[in-house]
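This briefing covers a predicted model.

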Amino acid sequence: MQYISQIIFLLVVAVAAYFLYQRISRIRKNIFLGKPSGRTASPERWKTMLLVALGQKKMFKRIVPAFLHMLIYVGFLVINLEVLEFVIDGIAGTHRIFAPFLGGFYTVLINVFEFLAVGVMFSCIMFLIRRNVVKVKRFQGNEMKKWPTLDANLILVIEIVLMFAILTMNATDMLIQGQDEHYAQTGTFFFSGLLVPLFEGMQLSTLIFVERFAWWFHILGILGFAVYVTYSKHLHIALAFPNTWYSNLNPKGQMENMAEVTNEVKMMLGMPTENANEPPAEIARFGAKDVNDLSWVNIMNAYSCTECGRCTDNCPANMTGKKLSPRKIMMDTRDRAEEVGASLAKGGKGLEDGKSLLGDFITKEEINACTSCNACVEACPVNIDPLAIILQMRRYVAMEESGSPASWNSMFQNVETNFAPWKFPPTDRFKWAEEMESKS
Amino acid sequence: MSDILNNVPVMADLAAKGESPEILFWVGCAGSFDDRYKKVTQAFVKILNKVGISFAVLGPEETCTGDPARRAGNEFLFQMQAVSNIQVLDTYNVKKIVTACPHCFNTIKNEYPELGGNYEVIHHSTYLQQLINEGKVGLKGGGEFKGKKITYHDSCYLGRANNIYEAPREVLAALDAELIEMKRCKTKGLCCGAGGAQMFKDAEPGNKEVNVERTEEAIETGASIVASACPFCMTMMRDGVKSKNKEESVVVMDLAELIAKNEGL
């Protein structure tokens, strides 16, 4: 009988681990629907990850949300240390196993955790207010439909409730310690101490029940939340790290070269090609129509997006009423990868389901509105690159469909025949110099 | 004197004489064909001549870098342009290129190397800054722009695309003018609306033109001069000023024009 809670604990952890494993494998598969990225390790990558993900460098462009976010972030990292004690207690059937060993330091530690828990609650409440009362513009947007909005609010509410569970557990524990000498003496906790009046006067058995309930609620909550996160925009807490590690390190203005085109161009111009003796590689498709045409980093970008909307907020096309929203590009990419992955898992048609990212999710009107100004890339706190996806889709439209806007097709023609994007005869190219010299 | 100032050496002529200039001035299509931007080209040539730099242009041999084709998705056309431009540049053994167009700058500097074209590429804002630092231009003081209110519009292809924010501002500082920043500047600078091949088509349906949004911001600063460093930005900002009926009070000028004017060229 005495082992029953330990067995239940292990079972619960095992079930959560199973679901997490399933979900992580699925996401991994979905991400690797994409093509190789060609990005290789360098010290610069570690530096970028440390600064941008760990150090949240780009968050601090907006100081208020940066501060609130920092509270939650530090709270998340540090309070997870306490979860270590939860897990050991859960497995060993102990209660606050660290308390006797750490003595007064334990009191200090838990007080720090409680301070952070209160910080997390404060930030989450502020974030809920920003989203639902102040209605900060970047959280609205056309793509912020039912689920994205609910998802954001759910995350904040769950975090508040989880923190409240810790405080409740500590408050009742302190009261129990006064009545039952078997409980480890932890000293006084400041913040949960404020909750003590709520529970004073309760019977010992009720207090023990509340304490246990809060303990189980917290640990189950954390495990459940971990699984939930994999279905949510909140996945950025993990993916921000690999995502920044795999950031584009080239100048932002540089578009990725299409080597398969280079070979053909060189052959057309009668120049030696690098792999002249090898048969030309089978080119599936020029540019991107669906998620498998993108690189896997593009898809990881999509899973790393927490839908904060800084990209869309800074997008010149979006702010002047065009349909383009870089955030929607990322959300669509993730949704499509999820759809394909779910279909494949069921033995379905996957990519061959008659749908595609471009067309069924993202329209030409959206990608055609982009000025390639890189404001979205610059704004993203985790270095997501919506522009890369947009430009690959333009390549598909131009090269596979010849479906570019008519004015662009004329521009192409001008470049081909007049060697300038405008319809000026090449003989006029040097007129500016003649005009100058005629003045002298 | 004006003879020398208006001199435009052509690469092919120099090569025939067995000479090779220190820099190639890549004019770009806007600098060659656009009536307004031709003036920028001419101003920059005058500065080069005044300073006595050995330079040349490709003249009729220059063609589009391929930037708009690439941004609009036509990779074939871009690479055809790039590869043949690289052939021309390499024929003349070009080492150092200066250009007044951020799009040409970005393409030649960042995108030609993968296609075999490796050059030192400098945008004219950086080049002018170097000339100023070397004391070759713009240190007269009390020039025509002293104390005038100037705002600088960041080109996306200089700024975010290539992290060039300070050079254009240092050029303006040399004019002894009062630089007033717009609310959105440097990394947060708002696009003029022309990049990504938007220059060559109508904007998608919306409720405002990007250039109008940007021009309003520029006008708000109270500056009488909007300084730009990109042919597309210049067109968009001029159109914006026109649409706001502010042509009397606000002019759009390129950095090279400002320096040339300050130098009395």
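**Sheet in chain B**

- An open sheet of 4 strands in chain B runs in the order E6-E5-E7-E8, with parallel pairing.
- Its edge strands are E6 (178-179) and E8 (251-254) of chain B, each of which pairs on one side only.
- Strand E5 (residues 149-152) of chain B is joined to E6(B) by 2 bridges in the parallel sense.
- Within E6(B), B:Leu179 is the residue that stands opposite B:Ile150.
- Helix H10 (residues 166-173) of chain B packs on this sheet and touches E5, E6 and strand E7 (225-228) of chain B.
- The direction of this helix, H10 of chain B, makes about 170° with that of E5(B).

**Domains of chain B**

- The domain assignment of chain B gives domain 1 as residues 2-128 and domain 2 as residues 138-262.
- The C-alpha centres of domain 1 of chain B and domain 2 of chain B are 23 Å apart.
- Their contact takes 25 residues from domain 1 of chain B and 24 residues from domain 2 of chain B.
- On the side of domain 1 of chain B that touches domain 2 of chain B, at least two residues each come from H3, H4, H5, H7 and helix H8 (124-133) of chain B.
- H4(B) gives the most to that side of domain 1 of chain B, with 8 residues.
- By residue class, that side of domain 1 of chain B divides into 12 nonpolar, 8 polar and 5 charged residues.

**Contact between chains A and B**

- Chain B puts 59 residues into the contact, and chain A puts in 58 residues.
- Helices of chain B that each supply at least two residues of the side touching chain A include H1 (2-5), H3 (28-33), H4 (35-51) and H5 (67-71).
- Also among them are H6 (75-91), H7 (102-111), H9 (159-162) and H11 (210-220) of chain B.
- The most residues on the side of chain B that touches chain A, 7 residues, are given by H6(B).
- The residues on that side of chain B comprise 23 nonpolar, 21 polar and 15 charged.

**Domains of chain A**

- The domain assignment of chain A gives domain 1 (4-31 + 62-245), domain 2 (291-404) and domain 3 (415-440).
- Domain 1 of chain A and domain 2 of chain A have C-alpha centres 34 Å apart.
- The contact between them takes 20 residues from domain 1 of chain A and 25 residues from domain 2 of chain A.
- Helix H1 (4-31) and helix H10 (236-245) of chain A each supply at least two residues of the side of domain 1 of chain A that touches domain 2 of chain A.
- H10(A) accounts for the largest share of that side of domain 1 of chain A, 6 residues.
- That side of domain 1 of chain A divides into 8 nonpolar, 7 polar and 5 charged residues.

Key: Residues are numbered from 1 along each chain as its sequence is written. Chains are lettered from A and ligands numbered from 1 in the order in which they are written. This is a predicted model: local features need pLDDT of at least 70, side-chain atom pairs count only at pLDDT 80 or more; totals for chains, interfaces and linings use all residues. Domain bounds come from an automatic or database domain assignment. Two residues are in contact if their C-beta atoms, placed from the backbone, lie within 7 Å. Ala, Val, Leu, Ile, Met, Phe, Trp, Tyr, Cys and Pro count as nonpolar, Asp, Glu, Lys and Arg as charged, and the others, Gly among them, as polar. Two strands pair if DSSP finds at least two bridges between them. Axes are lines fitted to C-alpha atoms, for helices over the stretch in contact, and angles run from 0 to 180 degrees between N-to-C directions.
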